[in-house]
Amino acid sequence: MKKTIITVVGNDTVGIIAKVCTYLADNNVNILDISQTIVQGYFNMMMVTDASKCEKDNGVLAKELEALGDQIGVVIRCQHEDIFNVMHRI
Amino acid sequence: MINIFEVNETNKMIEHENLDVRTITMGISLLDCIDSDLETLNKKVYDKITTCAKDLVSTGEAISAEYGIPIVNKRISVTPIALIGGAACKTAEDFVTIAETLDRAAKTVGVNFIGGYSALVSKGMTLAEKLLIESIPQALAKTERVCSSVNVGSTRTGINMDAVKLMGEIVLETAKATKDQDSLGCAKLVVFCNAPDDNPFMAGAFHGVTEADTIINVGVSGPGVVKTALEQVRGKDFETLCEMIKRTAFKVTRVGQLVAQEASRRLGVKFGIVDLSLAPTPAIGDSVAEILEEIGLEHAGAPGTTAALALLNDQVKKGGVMASTAVGGLSGAFIPVSEDQGMIDAVNAGALTIEKLEAMTCVCSVGLDMIAIPGDTKASTIAGIIADESAIGMVNQKTTAVRLIPVIGKGVGEVVEFGGLLGYAPIMPVNQFSCDAFVQRGGRIPAPIHSFKN
């Protein structure tokens with residue numbers, strides 16, 4: 001299964017998770033895990049998702065999520081999990 | 001499963017510490033393009049490059065978008081052109097047409113540099129190699145993206161001093177041919193000793209004859225990541241320092257390995273090597289000199305610099321080797337002056353001289369790189385500097401290179417601006433004593449005794 005890591009960083013505001021989740025649901029992306037912290041006053045969320053049923057490829061998802069982030073005023077990144085696996089797991 | 005802190009650490013490296021994959025370089029063999037008719041040869045070369053590399057840039061961009069890691073450059077290296085053009089080229093001008101073809105092919109596929117306008121003359125020169133070398137000034141003046149390199153020596157063969165003398169003149173002529181652009185042509189010309197066949201970095205990349213038909217080599221970067229990591233171990237002992245460099249180099253290289261494997265899979269081209277070099281850029285916080293400062297030097301060039309660089313280079317290799325299935329190329333810390341803000345600052349502060357840089361090249365990868373010198377420097381002096389650097393490479397069984405830029409019309413203290421990744425540089429003074437008689441001797445410096453290993 002191709003897992004995609006979505007991170008959201010920025011000033012906390014109402015409805016961030018709702019908007020991101022709505023977008024993911026619309027695109028058939030399944031959320032497997034969510035963790036969230038506040039780091040130095042910043043909203044900081046990570047989602048592990050399964051995008052294998054999504055028709056858009058990862059690059060398109062990443063661009064659209066980035067645009068969504070711009071609307072809400074947060075930075076949203078969408079990356080293949082392997083970049084984290086190779087760096088942090090031997 | 002990956003946790004949020006690990007994800008944040010990676011993204012912090014990318015966003016704030018300039019972690020990137022510096023280059024995906026596709027090596028393309030042009031040996032099957034050889035033809036005795038120049039026009040046919042040029043057509044074959046153009047067709048082969050534009051066919052093999054047609055998806056290189058789009059694939060690089062797709063990988064970059066999917067993993068969220070910048071891939072700064074997509075480039076091509078080809079078989080040394082002296083070997084390819086030998087049958088067809090009767091004059092230096094004939095060789096220039098091949099350079100123009102390479103430039104055209106590079107523009108068609110959208111790569112920013114194509115390397116391999118090269119000759120390997122470490123022991124002797126064929127007529128074709130001599131013609132190619134003589135054509136370099138015009139080739140670099142008439143093209144935009146072509147990079148040239150000449151290998152003038154090796155540990156096994158010694159140093160070809162005829163080629164060294166010639167290259168002193170060629171560097172100066174290239175400077176003159178591109179004087180309208182502050183002698184930019186010299187930034188695309190490297191003189192090597194022990195040139196590697198699989199180097200993905202420009203300007204010295206070429207696709208060696210020992211390589212497969214096409215290959216993907218990847219150069220990683222990340223001086224900023226190492227620098228930031230070292231801030232956590234300020235004042236600690238060398239063992240702690242070295243551990244931190246190794247761990248960071250490992251992480252950076254793993255990303256390079258991932259990108260290399262992915263590019264290789266998607267393009268259907270064999271993966272060659274990951275080059276472990278720490279390659280700086282003029283961007284703030286992307287500097288090898290700043291790592292040296294973090295290790296404890298006021299400026300790069302201060303006493304202790306060579307030792308600090310030696311340990312940095314060694315730890316980068318130790319960390320990186322474990323992270324990749326195959327390493328190669330130059331693999332070490334680069335110390336180009338114009339491409340590293342910390343180096344530029346060190347020169348401006350009076351801390352760094354060409355002589356100190358020469359000492360530093362004994363312990364790290366490459367050599368006297370991107371150093372602007374006065375435009376009135378004599379060809380024999382440049383040849384003398386090339387000979388010194390080649391001797392360091394020959395005796396220490398390592399790659400060394402010289403990329404000097406004699407800036408026509410400018411002198412010590414003035415600044416030359418190359419733009420982009422090539423940066424800007426203050427013009428450094430060169431030792432004014434003559435080496436004319438030494439360079440004029442001609443012939444070859446024999447290989448050192450430790451080259452006889454059989």
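Predicted model: local features only at pLDDT ≥ 70, side-chain atom pairs only at ≥ 80, totals over all residues.
Taken along the principal axes, the C-alpha atoms of chain A fill a box of roughly 35 × 35 × 20 Å. Of the 90 residues of chain A, 33% count as buried. Among the contacts in chain A with a separation of 6 or more, 65% are between residues 24 or more positions apart.

The four strands of chain A form an open sheet in the order β2-β3-β1-β4, with antiparallel pairing. Strands β2 and β4 of chain A stand at the edges with a single partner strand each, so one side of each has no neighbour in the sheet. On average, and with direction ignored, neighbouring strands of this sheet are turned by 15° against each other. Strands of a sheet pair through backbone hydrogen bonds, in either a parallel or an antiparallel sense. Within the sheet of chain A, β1(A) and β4(A) run antiparallel and are joined by seven bridges. Val8(A) stands opposite Ile76(A), which lies in β4(A).

Chain B contains 15 helices and 13 strands. For 454 residues, a compact globule would have a radius of gyration near 22 Å, and the value of 21 Å for chain B agrees with this. The C-alpha trace of chain B spans about 65 × 50 × 50 Å along its principal axes. Of the 454 residues of chain B, 61% count as buried. Residues 24 or more positions apart make up 80% of the contacts in chain B with a separation of 6 or more.

One of the helices of chain B is α9, which covers residues 238-267. At 1.5 Å a residue, the 30 residues of this helix should span 44 Å, and the distance of 43 Å between its end C-alpha atoms agrees. Just after α9(B), Gly268(B) takes a positive phi of about 65°.

Strand β6(B) is mostly covered, with five of its five residues buried. In a regular strand the side chains alternate between the two faces of the sheet. In β6(B), Leu189(B), Val191(B) and Cys193(B) point one way, while Val190(B) and Phe192(B) point the other way, and all are buried. Strand β6(B) pairs with β4 (residues 146-154) of chain B in the parallel sense over five bridges. The pairing of β6(B) with β10(B) is antiparallel and extends over three bridges. Phe192(B) takes part in both pairings: it is the bridge partner of Asn151(B), and its own bridge partner in β10(B) is Ala401(B).

The two chains meet at an interface in which 22 residues of chain A are in contact with 18 residues of chain B. On the side of chain A that touches chain B, the elements giving two or more residues are β1 (3-11), β2 (30-39), β3 (42-50), α2 (58-72), β4 (74-80) and α3 (82-88) of chain A. The most is given by α3(A), with seven residues. By class, this side of chain A has eight nonpolar, ten polar and four charged residues.

Several local backbone features remain to be noted. Most residues other than glycine have a negative phi, and most peptide bonds are trans. In chain A, Asn28(A) has a positive phi, near 65°, and is found in the loop between α1 (16-26) and β2 of that chain. Asn28(A) is partly exposed, because 13 other C-beta atoms lie within 10 Å, and a residue counts as partly exposed between the limits of 12 or fewer for exposed and 20 or more for buried. In chain B, Gln397(B) has a positive phi near 50°. Gln397(B) is found in the loop between α14 (379-396) and β10 (400-407) of chain B and, with 14 other C-beta atoms within 10 Å, is also partly exposed. The peptide bond from Met202(B) to Ala203(B) is cis, with omega near 10°. Ala203(B) lies in the loop between β6 (189-193) and β7 (214-220) of chain B.

Conventions:
Residues numbered from 1 in each chain as written. Chains lettered and ligands numbered in written order. Rg over C-alpha atoms; globule rule 2.2 N^0.38 Å. Contact = placed C-beta atoms within 7 Å. Nonpolar A, V, L, I, M, F, W, Y, C, P; charged D, E, K, R; others polar. Expected span 1.5 Å × (residues − 1). Pairing = 2+ DSSP bridges. Axes fitted to C-alpha atoms, helices over the stretch in contact; angles between N-to-C directions.
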